[in-house]
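Work through the exercises below with the sequence and the model open. Try each task before reading its solution.

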Amino acid sequence: MSESGLQAAQNKMRQAGVNEAAVKVFTHYYHQLEAGTTGLIPEETISPLTQVQSLQEVEVSPAAEREALAKTVMIKLNGGLGTSMGMDRAKTLLPVRNGDTFLDIIVRQVLSARERYGVRLPLIFMDSFRTQADTLAALAKYPQLVVDDLPLDFVQNQEPKLRADDLSPVSYPQDPSLEWCPPGHGDIYTALYGSGLLDKLIDAGFQYATTANADNLGSAPSAKVAGWFASSGAPYAAEVCERTLADVKGGHLAVRNSDGRIILRDTAQTPSDQMHYFTDQYRHPYFHTNNLWFDLLALREVLRQRDGVLGLPLIRNAKTVNPADSTSTPVVQIECAMGAAIEAFEGASAIEVPRSRFLPVKTTNDLMVLRSDAYEIDDGGQLHATVDQVCVAELDPRYYKTIHQFEQRISKGAPSLRQAQHLVVHGDWTFGADVVIKGEVTLADAGVASQVPDGTLLEQTN
């Protein structure tokens, strides 16, 4: 049954115009899925990665920094719609600070780095078929962003969702677009290669790529990291941060016992009875930021050697065809992680970077803190924490989950969090103007819509 399912899926991809490189990669993973591969990485097959060089210890000359950045292209992953926050368009169009969106701030960061170092530094977004139009429309106000004849974006591939019962492509006439899914951000390598953009970047004189999630505004252009990567001679490197109790969900790097290569292990690849190892910040002391660096020539060589298939570990993602309808047909989505490519390169490396290079906005909790005075933003779009310990916000998801709910309840501005360590909101609370939070504060659910009046000081009480 599954062999006919594979053929049907291949035909569906070709009819939709998906390039052959992506069809070949899909086929590779389909056979793994068919064979029952789970993609799990048991603890006994790996050893913790405990020794990582710190960027603070690295010395790179200004000339070497500039030379490396001059050969670098910046790629941002921009395929998400922000549906978890109630959005229906590119998440990067969400206002973050003073009305500026993720896109506005990223563009400012790149233009500032170009001016400071006198480099071309192309900015290219990996969009999905759902985010491309909105993104390009928003970027139209930045004509100076274009470098030579390089595009501002390329589109990640799409693949059919497969029925969980027989692995055939699912049908969903109510909304045929839901029959498709992206292959995870590990598709970046296939999309670069299959689209011809990898060759184009190399022909234009670029040797290195740095890539990160577009919702991580900490991953600004870094001449120092570029200089370190170029001088290391590594074909591939990952930025990691020291783990805290707040980072138990993030993936981590480890050393595979069978061949000594560095690998990435995510939550979905950990056996359920071994999660206590995964979440142990002392056993696995670094988390993976998804800020990555790779040598374009090395990537092309590896892809050519492997006939376009990097062979990254499979992630089997069980869903329903309509994520908003739990009664719709159960499906399997074939995915792989971008950071898993570290195992495909002999001599791959990692560098410990400051926490400031990891500022993702996944929920309105993160957005509340980023909009507050716990952060400042400079003329170059760089975000700087104004305190040593940034406040942790926990907002009641019943009233703050979507961006619309969030904006309604802080319409007069985010409260001051510069003196706060922890803010917990239970219930339907709206903040007035100039509210100040100090210490650890919990707002209890009053059972009715409640207001924190303008100018209120909320302070920890013992």
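A polar contact is a pair of N or O atoms within 3.5 Å; within protein, one must be able to donate a hydrogen and the other to accept it, and residues adjacent in sequence count only if both atoms are side-chain atoms. The model is predicted: local features need pLDDT of at least 70, side-chain atom pairs count only at pLDDT 80 or more, and totals for chains, interfaces and linings use all residues. Residues are numbered from 1 along each chain as its sequence is written, and side-chain values use heavy atoms, with hydrogens and water left out.

**Exercise 1. The domain interface**

Solution. 

Step 1: Domain 1 covers 1–357 and domain 2 covers 364–459; the bounds come from an automatic or database domain assignment. Their C-alpha centres lie 31 Å apart. Domain 1 brings 16 residues to the contact and domain 2 brings 17 residues. Contact means heavy atoms within 4.5 Å.

Step 2: get the area. On the domain 1 side, M85, R97 and R108 supply 44% of the area buried against domain 2, more than any other three residues.

Step 3: count the pairs. Eight residue pairs are in polar contact between the domains (both at pLDDT 80 or more). The count of salt bridges between them is zero. A salt bridge is a side-chain nitrogen of Lys or Arg within 4 Å of a carboxyl oxygen of Asp or Glu.

Step 4: assign the elements. Strand 4 (95–97) and helix 4 (102–117) each supply at least two residues of the domain 1 side. Helix 4 gives the most, with four residues. Helices (H or I, at least four residues) and strands (E, at least two) are DSSP runs, numbered from the N terminus.

**Exercise 2. Annotated positions**

Solution. 

Step 1: read the record. UniProt, in an unreviewed entry, places the feature "binding site" at K91, Q156, G184, D215 and K362. Its positions are given in the numbering used here, feature names are shortened, and annotations may be inferred rather than shown by experiment.

Step 2: take Q156. Q156 is in the loop between strand 7 (153–155) and strand 8 (159–160). Its relative accessibility is 9%, so Q156 counts as buried. Buried means under 20% relative accessible area, exposed over 50%, partly exposed in between (1.4 Å probe, protein chains only).

Step 3: take D215. D215 lies in the loop between strand 11 (208–213) and helix 8 (223–232). D215 is buried because its relative accessible area is 9%.

Step 4: look at helix 6. The buried residues of helix 6 (residues 188–195) are I188, Y189, T190, A191 and L192. Just after this helix, G196 takes a positive phi of about 85 degrees.

**Exercise 3. Salt bridges**

Which parts do the E239–R357 and R398–D445 pairs tie together?

Solution. 

Step 1: start from the total. The count comes to 26 salt bridges.

Step 2: take E239 and R357. Their closest N and O atoms are 2.8 Å apart. E239 lies in strand 12 (residues 236–242) and R357 in the loop between strand 18 (349–352) and helix 11 (364–371), so the pair ties together parts that are 118 residues apart in sequence. Both E239 and R357 are buried.

Step 3: take R398 and D445. Their closest N and O atoms are 2.9 Å apart. R398 lies in helix 12 (residues 397–400) and D445 in the loop between strand 24 (436–443) and strand 25 (450–452), so this pair ties together parts that are 47 residues apart in sequence. R398 is partly exposed at 49% relative accessibility. D445 is partly exposed at 40%.

Step 4: E43, R265 and R283 are linked by salt bridges.

Notes
Buried area is the accessible area (1.4 Å probe) that two parts lose on being put together, summed over both.
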